[in-house]
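Trainee: Hello! I am new to this structure and would like a close look at a single part of it.

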Amino acid sequence: MATASVAFKSREDHRKQLELKEARKAGLAPAEVDEDGNAINPHIPQYMSSAPWYLKAERPAFSCQGFVY
């Protein structure tokens with residue numbers, strides 16, 4: 001049986017994360033930055049800004065490292 005190591009957040013941590021997300025969308029908090037130091041637009045949908053689950057990315061990023069065009 002496979003076990004997944006998932007870090008659970010408390011209710012308060014989850015609430016704070018949602019409040020920060022809404023504040024970023026409203027322009028009240030500074031935007032999140034990616035690995036290169038570029039600001040990430042908070043209005044980009046999550047499915048576009050987050051990496052697939054199998055890459056185990058900790059932060060959103062838009063770099064194309066490892067891809068050949």
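Trainee: With which residue does Lys16 form a salt bridge, and how far apart are the closest N and O atoms?

Mentor: Happy to walk you through it. This is a predicted model, where local features need pLDDT of at least 70 and side-chain atom pairs count only at pLDDT 80 or more, while totals for chains, interfaces and linings use all residues. Residues are numbered from 1 along each chain as its sequence is written, and side-chain values use heavy atoms, leaving out hydrogens and water.

Lys16 pairs with Glu12, and their closest N and O atoms are 3.5 Å apart. Helices here are DSSP runs of H or I with at least four residues, numbered from the N terminus. Lys16 is partly exposed at 45% relative accessible area, and Glu12 is also partly exposed, at 45%. Partly exposed lies between buried (under 20%) and exposed (over 50%), using a 1.4 Å probe and protein chains only.

Helix H1 holds another such pair: Glu19 and Arg15 are 4 residues apart, about one turn of the helix, and their side chains form a salt bridge at 2.9 Å, N to O. Glu19 has a relative accessible area of 43%, and Arg15 has 41%.

Glu32 and Arg24 also form a salt bridge, with 3.8 Å between the closest N and O atoms. The count by this rule is 3 salt bridges.

Methods
Salt bridge = Lys/Arg side-chain N within 4 Å of Asp/Glu carboxyl O. Helix = DSSP H or I, 4+ residues; strand = E, 2+ residues; numbered from the N terminus.
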